[in-house]
Amino acid sequence: MSETPASARSGAPATRAAQVRPATEGWTQKKDAEGRPLLQFASPKRGKPPVHLADLTPPERIEKVKELGLPGFRAKQLATHYFTHYTSDPAHMTDLPAGQRDELVAGMLPPLLTEVRRLETDRGDTIKFLWRLHDGALVESVLMRYPGRITLCVSSQAGCGMNCPFCATGQAGLTRNMSTAEIVEQIVRANRLITEGGLGGKKADDHSMERVSNIVFMGMGEPLANYKRVMDAVRVMVAPQPEGLGMSARGITVSTVGLVPAINKLADEDIPVTFALSLHAPDDQLRDELIPVNSRWKVDEALDAARRYFEKTGRRVSIEYALIKDMNDHPWRADLLAEKLNARGRGWVHVNPIPLNPTPGSIWTASDKDVQDEFVRRLNDAGIPTTLRDTRGKEIDGACGQLVATTEDEAAAAAMA
Ligand code: SAH
């Protein structure tokens, strides 16, 4: 397919729109030994986090409890405390014999996340947590109350190896993969806070029935680069209580830069999570620079995989598109995107543009409001449902692409250690 816009082919427009590119703005792509854009798929080797109940299947939990020399049925009691009361505190577990509690908890529910800092905005409706992992690695999650739902944006890796120039996490590189239980623990901790009434925005005082209803894998990391642990975490999220969190798969969104083989695998899992592709450009020329993984899997391959996801699961997929001024926000790109999506059928996809969030030292800015509106209008006119995503947490650097451990965070974590 030609990448040249129809307007350019016909000689119009009279004034050429500006075209900013990462390279022209002084960003240089880091390269690997073979001269390809640097991508870190393998997790650097670090000490493994302690094994936790949430890392294990129910039969494995029973085995582990027996290995501790205790009766297997204690596993289910522990799971109930963890997944329905959101507690790892032996003092709360009065149904367990006092003499075994500490041992059971130490062996099955070891501490995984130490809270370093908590920042609030939107009158307490949005909370960003900074967590320290057992080895000092730092990750964040963002909790948001919306009318009728509570969403948690979780991290799947400490850092990220995908190197996208406009994303603060991507620019910091990959520290390591998170374990299944480290991913799940973010939700349990958020639920504990909600139950205690720590998330604002609700009038009544009784928060006991409230919990996280939606998960987005849009915190730190590329979830499909940590595939097995992320999928095991999803299985724990959807497993009925008390063996898991009893959440609905539809409320879980897995967002990826476009690792095509992993998207295909995800489609075959038979877990109907919501799938989101971070496209950000409909043409390879720009996407090669904007999303370095495009050097492996091109726009058309990523879109084909997204379409296949829809066919296998019947779930409408989302296309994410951060609108960056003069970079990817041209009307012809909206048209080309619509063309490529419509070429793959109708009713299978919607587009979620989001104005770029500023990142430290970033040279790019969000598109102007009228340009955003025009971009959205063109897609909608072409029959692609498109809604501008509202962005939460900018004031606390908790919005998409802003999650990164700052020197301030490191200092706060070091002071606690
Ligand atoms: N690695 C995954 C998930 C994490 S990022 C992915 O890329 O999809 C979640 C979303 O935030 C992605 O769509 C990502 O492209 C977007 N994003 C990253 N930096 C951003 C920024 N500065 N402004 C707005 N969105 C951004």
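Trainee: Leaving aside neighbours within four places in sequence, which residues is Leu279 in contact with?

Mentor: Two residues are in contact if their C-beta atoms, placed from the backbone, lie within 7 Å. Apart from those sequence neighbours, Leu279 is in contact with Ala302, Ile319, Glu320 and Tyr321. A word on the source: this is a predicted model, where local features need pLDDT of at least 70, side-chain atom pairs count only at pLDDT 80 or more, and totals for chains, interfaces and linings use all residues. Residues are numbered from 1 along each chain as its sequence is written.

Trainee: Where is Leu279 found?

Mentor: Look in the loop between strand E9 (274-278) and helix H9 (284-290). Helices (H or I, at least four residues) and strands (E, at least two) are DSSP runs, numbered from the N terminus.

Trainee: Is Leu279 buried or exposed?

Mentor: Count C-beta atoms, placed from the backbone, within 10 Å of the residue's own: 20 or more others is buried, 12 or fewer is exposed, and in between is partly exposed. Leu279 is buried because 26 other C-beta atoms lie within 10 Å.

Trainee: Which residues does the UniProt annotation "binding site" cover along with Leu279?

Mentor: The unreviewed UniProt entry lists Gly221, Glu222, Ser255, Ser278, Leu279, His280 and Asn357 under "binding site". UniProt positions follow the numbering used here, feature names are shortened, and annotations may be inferred rather than shown by experiment.

Trainee: Where is the place of Asn357?

Mentor: Asn357 sits in the loop between strand E11 (349-355) and helix H12 (369-381). Asn357 counts as buried because it has 21 C-beta neighbours inside 10 Å. Setting aside neighbours within four places in sequence, its contacts are Thr391, Lys394, Ala399, Cys400, Gly401 and Gln402.

Trainee: Which cysteines does a "binding site" annotation cover?

Mentor: In the unreviewed UniProt entry, that annotation covers Cys160, Cys164 and Cys167. Cys160 is in the loop between strand E5 (157-159) and helix H5 (168-172). Cys167 is also in the loop between E5 and H5. Cys160 counts as buried, with 28 C-beta neighbours inside 10 Å. Cys167 is buried too, with 25 other C-beta atoms within 10 Å.

Trainee: Leaving aside neighbours within four places in sequence, what is Cys160 in contact with?

Mentor: Cys160 is in contact with Thr169, Gly170, Leu174, Met220, Gly221 and Glu222, sequence neighbours within four places aside. On the same terms, Cys167 is in contact with Thr359 and Gly401.

Trainee: Now strands. Where does Val139 lie?

Mentor: Val139 lies in strand E3 (residues 138-146). Val139 counts as buried because 27 C-beta neighbours are inside 10 Å. Not counting residues up to four places away in sequence, Val139 touches Trp131, Leu133, Ser155, Ala158, Met178 and Met220. Val139 and Val116 are 23 residues apart along the chain, with their C-alpha atoms separated by 10.0 Å.

Trainee: How many C-beta neighbours does Asn177 have inside 10 Å?

Mentor: Asn177 has 25, so it counts as buried. Asn177 is found in strand E6 (residues 174-177). Leaving aside neighbours within four places in sequence, Asn177 is in contact with Ser43, Gln157, Asn226 and Arg229.

Trainee: How do I read two packed helices?

Mentor: Two packed helices are described by the angle between their axes and the distance between the axes. Axes are lines fitted to C-alpha atoms, for helices over the stretch in contact, and angles run from 0 to 180 degrees between N-to-C directions. Here, the axes of helix H6 (residues 180-195) and helix H7 (residues 227-238) come within 8 Å and cross at roughly 40°. H6 and H7 are therefore oblique to each other. Angles under 35 degrees count as roughly parallel, over 145 as roughly antiparallel, 65 to 115 as roughly perpendicular and the rest as oblique.

Trainee: Which residues of H6 and H7 meet?

Mentor: Thr180, Ile183, Val184 and Ile187 in H6 meet Arg229, Val230, Asp232, Ala233, Val236 and Met237 in H7. The residues of this H6 and H7 contact divide into 7 nonpolar, 1 polar and 2 charged. Nonpolar covers Ala, Val, Leu, Ile, Met, Phe, Trp, Tyr, Cys and Pro; charged covers Asp, Glu, Lys and Arg; the others, Gly among them, are polar.

Trainee: At what angle do H8 and H10 cross?

Mentor: The axes of helix H8 (residues 260-267) and helix H10 (residues 299-313) come within 9 Å and cross at roughly 5°. That makes H8 roughly parallel to H10. Their contact has 8 nonpolar, 2 polar and 3 charged residues.
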